[in-house]
Amino acid sequence: MYLGLDLGTSELKALLLAGDHRIVGVARAPLTVDRPQPLWSEQSPSQWWQALEQVMAELRQAHAGALAAVRAIGLSGQMHGATLLDAAGAVLRPAILWNDGRSGAQCEAITRAVPRLGEIAGNLAMPGFTAPKLLWVREHEPDIFKRTARVLLPKDWLRFMLSGEAVSEMSDAAGTLWLDVGARDWSDELLAATGLTRDHMPRLVEGSEVSAQLKPELAARWGVGNGTVLIAGGAGDNAASAVGMGLVEPGQGFVSLGTSGVVFVSTDRFLPNPAQAMHAFCHALPKRWHQMSVMLSAASAVSWAAKAFRFADEAALLEAAASVETAQRERCPLFLPYLSGERSPHNNPHAQGVLFGLTHAHGPAEIAYAVVEGVSCGLRDGFDTLRLPAGMPLREVALVGGGARSAWWGQLLADIFQLPLTLYAGSETGGALGAARLAWLADGGTVAEVCTLPPVKQQLTPSAEQAGAHKIRHARFQGLYAALQRQFSNSDVQ
């Protein structure tokens, strides 16, 4: 039995996986985000630990026997978050999250300081990454920076609490801007650009390797295992989702409808394309990498709209959007989903959301459709940044994340992308399932045995009839952003 822990932005999820690939149990605990100032996004690590205690208590109550049979734990989590510890291991301030946009000026400073940044890190400097956050702390909270002895990513802080060991792995470390992604090692040059050294960094392992062991006192308290319980390196949330779906071979990938929106493709080599804000990261398995585009507000934009326009919940908004007839869609407003700035392809932390073209004829359903379409068009923009070499075609693209529960939204994405998408059984548990699979690999499982494709739930085939209409709407969507970008400065609406 294997336990996967997935520390997301809005919830912590725990999943028990049997050696025959059965998901035995799942537990969830909600998390909240603090936004004390514009562009800021923070969470207290103590909230993560409280959530972990909650899910472990729930699993013990419902699945005590399975929990007692756990041999290894895998970790997955939101990437890029800066968790700062002092020499005694105490947290110095709330963690600065992946969707925090305060460090734009620091990104420019890092880019000037390291002209080879894209070549080494495979990515542009963006406020979402960890390194600019530390430079911001250095400049605005110097006392905290001086006291910082260790910087950990969110899931790696959980590992520290579970084991006492400061360890990270390649896929998550690649999102810090401190990793030489091709060499799979910390870059002294990039660390020095933010006033840090290797001493501030955790030890590195591959995601499928053993990283530490669960503290015996925690194992006893939670009823986990019967002896030594291993902790795998784990993975950043997106690499873990790929492992969970069995998408680890070159040309396999997914579209994720989580809090953020992601287009992810596995590769067998380091293939950076920083000019269009595409990410090139290490995969969770040795000698594998991936390309990834990220938009900052995907399902979170739907959640925002559901509250702002008084829908009962996100499902009610999606139902209203689906009710808009095909012929009516071309008259719907346009929505730019940049509620937290944007990464791919714009790299613009100042970009803002826009609902454009409202008339008296528009009601809640048309607005709902505009929001879902806008998120889908943003994902298509990211998809267009991917650059796979000849001989490595896309050959398997899954739809994952909480938004994947809506088959209607999935079909809309297939139509806008003009790409077949596959819904797999259990796709909504991708990150936690991937973490559990990495635990299995660390316990001696093979990739062929562990990283299998789940059963197909539904195949979403793009409609050729809708391609032209979606192309026109997508062009208008892109034109609206471009017009606003020309009109306004970076200090105002983009």
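Reader: Which residues are linked in a network of salt bridges?

Author: E42, R93, D100, R102 and E141 are linked in such a network, a salt bridge being a side-chain nitrogen of Lys or Arg within 4 Å of a carboxyl oxygen of Asp or Glu. The model is a predicted one, in which local features need pLDDT of at least 70 and side-chain atom pairs count only at pLDDT 80 or more, while totals for chains, interfaces and linings use all residues. Residues are numbered from 1 along each chain as its sequence is written, and side-chain values use heavy atoms, with hydrogens and water left out.

Reader: And how many salt bridges does the structure hold?

Author: The structure holds 23 salt bridges. Among them is the one between R116 and E119, whose side chains meet at 3.5 Å, N to O, and another is formed by D268 and R269 at 2.8 Å.

Reader: What does R288 form a salt bridge with?

Author: R288 pairs with E249, and the closest N and O atoms are 3.2 Å apart. R288 sits in the loop between strand 18 (279–282) and strand 19 (289–295), and E249 in the loop between helix 11 (237–245) and strand 16 (252–257), so the pair ties together parts that are 39 residues apart in sequence. Helices (H or I, at least four residues) and strands (E, at least two) are DSSP runs, numbered from the N terminus. E249 itself is partly exposed, with a relative accessible area of 31%.

Reader: Ok, switching to E342: where is its place?

Author: E342 belongs to the loop between strand 20 (334–336) and strand 21 (354–356). E342 is buried yet has no salt bridge, and the nearest side chain of opposite charge, R343, is 6.8 Å away; in this count Lys and Arg are positive and Asp and Glu negative, with His and the chain ends not counted.

Reader: What does E342 touch, then?

Author: Not counting residues up to four places away in sequence, E342 touches V294, M295, L296, N347, N348, P349 and A351, where contact means heavy atoms within 4.5 Å. A polar atom of the E342 side chain also lies 2.8 Å from the backbone nitrogen of L296.

Reader: Now helix 19: which of its residues are buried?

Author: The buried residues of helix 19 are H470, R473, H474, F477, L480, Y481 and L484. Seen down the axis of helix 19, they fall within an arc of 115°, so they line one face of the helix, the arc being that of the directions from the helix axis to the C-beta atoms. As background, an α-helix has 3.6 residues a turn, so residues three or four places apart point the same way.

Reader: What covers that buried side, and what does the face turned away carry?

Author: The cover over the buried residues of helix 19 includes helix 14 (326–329), strand 20, strand 21, helix 15 (364–383) and helix 16 (407–417), while the face turned away from the buried side carries the exposed residues K471, R486 and Q487. Helix 15 is itself mostly covered, with 18 of its 20 residues buried.

Reader: How far apart are the end C-alpha atoms of helix 19?

Author: They are 30 Å apart, which agrees with the 30 Å that the 21 residues of helix 19 (residues 467–487) should span at 1.5 Å a residue; the expected span is 1.5 Å times one less than the number of residues.

Methods:
Buried means under 20% relative accessible area, exposed over 50%, partly exposed in between (1.4 Å probe, protein chains only). A polar contact is a pair of N or O atoms within 3.5 Å; within protein, one must be able to donate a hydrogen and the other to accept it, and residues adjacent in sequence count only if both atoms are side-chain atoms.
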